[in-house]
Amino acid sequence: MGTSCVSSLALRGPPSADAPKQLDAVTAEFNEVYESKGIRAYHVFPGIVATNAAENAGLPWAAVALGKLFLPIVARTIGNSPKSYADIPVFLAANPKSRSLGLQYSNERLKPLTPKWVTEDAPKRKLVWEKLAAMVEKK
């Protein structure tokens, strides 16, 4: 019986254009290192999720007010609520059938995505993995 690890892209502050590539690299390297032990990682992009992120980030009151007004509507039409999105990582981690669906890289609608180029570049993938390991060891 294997174990699954699901990482969701959750960024604090301004998102870096490299963040999705780095998470793809970490996901690929994690699977390279641990898949033989029955552990698999997935990188799921959550899309728009209605949360209090604007308020928690300390944005101006106008941005918070606009977010509270429009985010629930946007999340209902093209995004997710935190509750509805929470089902996705649980499905991927707990359902053995999910392993055969090719969802290692997917979006909030479980649509398979093409991983970024960095997953194919083993030296760069390993470099991102080592930098992350060094950051974890510092804490």
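Reply: Happy to; below, each label is set against its criterion. Keep in mind that this is a predicted model.

Me: Let's begin with the overall layout. What is the pattern of helices and strands along the chain?

Reply: The chain has five helices and three strands. Read along the sequence, they follow the pattern β-α-β-α-α-α-β-α. Buried residues account for 26% of the 139 residues in the chain.

Me: What makes the reach of α4 close to the expected one?

Reply: Helix α4 covers residues 82–94, which is 13 residues. The expected span is 1.5 Å times one less than the number of residues, and for α4 that comes to 18 Å. From its first C-alpha to its last, α4 reaches 18 Å, so the value is close to the expectation.

Me: How do you know that the buried residues of α4 line one face?

Reply: The buried residues of α4 are Tyr85, Ile88, Pro89 and Leu92. Seen down the helix axis, they fall within an arc of 80°, so they line one face of α4. The face turned away from that buried side carries Lys83, Asp87, Val90 and Ala94, which are exposed. Exposed here stands for over 50% relative accessible area, and buried for under 20%.

Me: Why are Tyr42, Val44, Val49, Tyr85, Ile88 and Leu92 called a nonpolar core?

Reply: A nonpolar core needs buried residues of the nonpolar kinds, joined through side-chain atoms within 4.5 Å. These six residues form the largest such core in the model, so each of them is buried and linked into the set by that criterion. Strand β2 (39–44) and α4 are the elements that give two or more residues to this core. Helix α4 gives the most, with three. As general background, nonpolar side chains in soluble globular proteins tend to be buried together.

Me: And Ile73: why is it called partly exposed?

Reply: Ile73 has a relative accessible area of 45%. Partly exposed lies between the 20% limit for buried and the 50% limit for exposed, so Ile73 with 45% gets that label. Ile73 sits in helix α3 (residues 61–78).

Definitions and conventions
Residues numbered from 1 in each chain as written. Predicted model: local features only at pLDDT ≥ 70, side-chain atom pairs only at ≥ 80, totals over all residues. Heavy atoms only, no water. Helix = DSSP H or I, 4+ residues; strand = E, 2+ residues; numbered from the N terminus. Buried < 20%, exposed > 50% of the residue type's maximum accessible area, 1.4 Å probe, protein only. Arc of directions from axis to C-beta.
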